[in-house]
Amino acid sequence: MGTKIAINGFGRIGRLTFRQIFDSHELEVTAINDITDTDMLSYLLKYDTTQGTYRYANCIEAGSNYITVNKKKINVYNETDAVNLPWKQLGIDVVIDCSGAYLSKEKAQRHIKAGAKIVLLSAPAGSDIPTVVYGVNHNILLPVSNIISAASCSTNALAPVVKTLNAYAPIQSGIMTVVHGFTGTQMLVDGPQRRGNYRRSRAASSNIVPTTAEAAKAVGIVIPDLRGKLMGSAVRVPVPIGCYITFTAVVCGKDISADNINKTMKGASSEFFGYTEEEYVSSDIIGNTYASIFDATQTLVIQSHPDEYQVRVSAWFDNENSFVSQMVRILKYAVSLKSAN
C-alpha cells in the first residue's frame with residue numbers, strides 16, 4: 001500500500017494534483033476535504049477547459065460523502081477546520097493543502113494535530129516554513145520537515161533560470177516580468193473584485209492587467225545569495241492559461257554572450273527544467289510538466305561596462321500543470337526522506 005494522501009481544497013490545483021497522483025503506485029489518494037458538494041466536485045474533476053477531459057471521466061461517480069474514480073472510493077469531507085478532520089483514523093501520511101487557508105505554521109499545524117505526518121502547502125507561506133523549489137533547494141528538507149511550502153508557479157518557473165544564470169555569471173541585480181494568463185482572482189466582466197483590487201475588477205478576457213508578483217523576491221528566499229537583489233511584477237493577459245516570464249539582469253563576467261548563456265541553460269536542462277529553440281507560443285506549453293522551459297530564441301546580451309553586462313532571458317510555463325508537477329516532485333522527495341529515516 002502506498003503513502004496515504006489527503007487533498008484539502010479541491011480547486012484548480014487540488015484537482016490537477018489528483019490527476020497526477022491517482023495512478024501512482026507510491027501514492028494513494030485516500031480523502032478529499034472541500035466545502036463544495038460531491039456532485040460538483042465530480043463534474044469539475046471530469047471536465048477541464050484548459051487541461052482537457054480527464055481520462056477517467058466516464059468512470060467517476062458521486063455519492064453523498066464520497067466520489068468513486070475508476071472503481072476506487074475516496075472519502076469526501078466538508079470540514080471548515082482542519083483540526084476536526086479524521087486524518088489520524090485514516091492513517092493519512094501527507095496532506096496536500098490547496099485551500100490557501102493554512103499558510104502559516106500555526107494554521108498548518110492543525111492538520112498535524114488532526115493526525116497528518118506532513119503538510120505540503122500549494123502557495124507561499126510564512127517565513128517559519130521552508131519554501132522549496134524542487135531541483136533548486138529541495139535538499140534543505142530534513143526527515144523532520146513536516147510543514148513545507150511549494151512556493152508559487154512563477155517562483156518555480158524563475159528559480160531554475162536564475163540559479164543557472166547566476167552560476168554562469170554572478171547576478172548583481174535583476175527584474176522579472178511575468179506575462180500570465182488570467183486567474184480566478186479576476187472578474188469575468190467588469191465588477192467589484194472581492195479584495196477591492198481596481199485593475200482585477202476589470203474584465204479579464206478583454207484587458208491587459210498590470211499587477212503585482214512576489215516571485216522574484218521569493219527566489220531570494222530559495223537562493224539566499226540573491227536575497228534583496230531581485231524584484232518583479234506581472235501582467236495578466238486575456239488567455240486562460242500559459243505564462244511567459246522574462247528576467248533582465250546585470251551580471252558580471254568576461255565574454256558573456258547569448259550563445260554561451262544558451263549553452264549553459266541547455267546543459268542545465270533536466271526532468272524539471274526544459275530547454276527549447278522552437279518558436280513557442282503560449283498554447284504550445286499547456287499541460288507541460290517542467291517547472292519552466294527556457295526559450296533560447298529570446299536571449300539578449302549587451303555589454304554595459306568592462307566585465308559587466310545586461311542580459312535578458314526568458315522561459316515558458318503552464319501556471320497550473322507546471323506547478324503541480326513540481327509540487328508532486330517535492331511530495332515524493334519528502335516522503336522518501338521519511339521512509340529512509
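This is a predicted model: local features need pLDDT of at least 70, side-chain atom pairs count only at pLDDT 80 or more; totals for chains, interfaces and linings use all residues.
Helix 8 spans residues 321-340 and comprises 20 residues. The distance from its first C-alpha to its last is 28 Å, close to the 28 Å expected at 1.5 Å a residue. Helix 8 is mostly covered, with 14 of its 20 residues buried. Helix 1, formed by residues 12-21, is likewise mostly covered, since 8 of its 10 residues are buried. These buried positions are I13, G14, R15, L16, T17, F18, R19 and I21.

Two packed helices are described by the angle between their axes and the distance between the axes. For helix 1 and helix 8, the angle is about 60° and the axes lie 10 Å apart. An angle of 65 to 115 degrees would count as roughly perpendicular and one under 35 degrees as roughly parallel; helix 1 and helix 8 are therefore oblique to each other. Their crossing is right-handed. On the helix 1 side, the contact involves I13, L16, T17, Q20 and I21, which meet N321, F323, V324, S325, M327 and V328 of helix 8. The residues of this contact divide into 7 nonpolar and 4 polar, with no charged residue.

In helix 5, the residues S154, T155, L158, A159 and V162 meet A215, A216, A218, V219 and V222 in helix 6. The contact of helix 5 with helix 6 contains 8 nonpolar and 2 polar residues, and no charged ones.

Residue A216, which belongs to the contact of helix 6 with helix 5, is also in contact with G232. G232 is found in strand 11, which runs over residues 230-237. Leaving aside neighbours within four places in sequence, the contacts of G232 are M176, A213 and A216. The relative accessible area of G232 is 28%, and this residue is partly exposed. The C-alpha atom of G232 is separated by 23 Å from that of L121, a residue 111 places away along the chain.

A buried strand residue is provided by T68, located in strand 4 (residues 66-69). The relative accessibility of T68 is 15%; buried means under 20%, so T68 counts as buried. When residues up to four places away in sequence are not counted, T68 touches C59, I60, E61 and K73.

Two aspartates in loops have positive phi values. For D255, phi is near 55°, a positive value in a residue other than glycine. D255 is placed in the loop between strand 12 (243-252) and helix 7 (258-268). With a relative accessible area of 63%, D255 is exposed. D307 has a positive phi of about 60°, although this residue is not a glycine. The loop that holds D307 lies between strand 15 (300-305) and strand 16 (308-317). At 35% relative accessibility, D307 counts as partly exposed.

How values were computed
Residues are numbered from 1 along each chain as its sequence is written. Side-chain values use heavy atoms; hydrogens and water are left out. Helices (H or I, at least four residues) and strands (E, at least two) are DSSP runs, numbered from the N terminus. The expected span of a helix is 1.5 Å times one less than its number of residues. Buried means under 20% relative accessible area, exposed over 50%, partly exposed in between (1.4 Å probe, protein chains only). Axes are lines fitted to C-alpha atoms, for helices over the stretch in contact, and angles run from 0 to 180 degrees between N-to-C directions. Angles under 35 degrees count as roughly parallel, over 145 as roughly antiparallel, 65 to 115 as roughly perpendicular and the rest as oblique. A crossing is left-handed if the near helix is turned anticlockwise from the far one by less than a right angle, and right-handed if clockwise. Contact means heavy atoms within 4.5 Å. Ala, Val, Leu, Ile, Met, Phe, Trp, Tyr, Cys and Pro count as nonpolar, Asp, Glu, Lys and Arg as charged, and the others, Gly among them, as polar.
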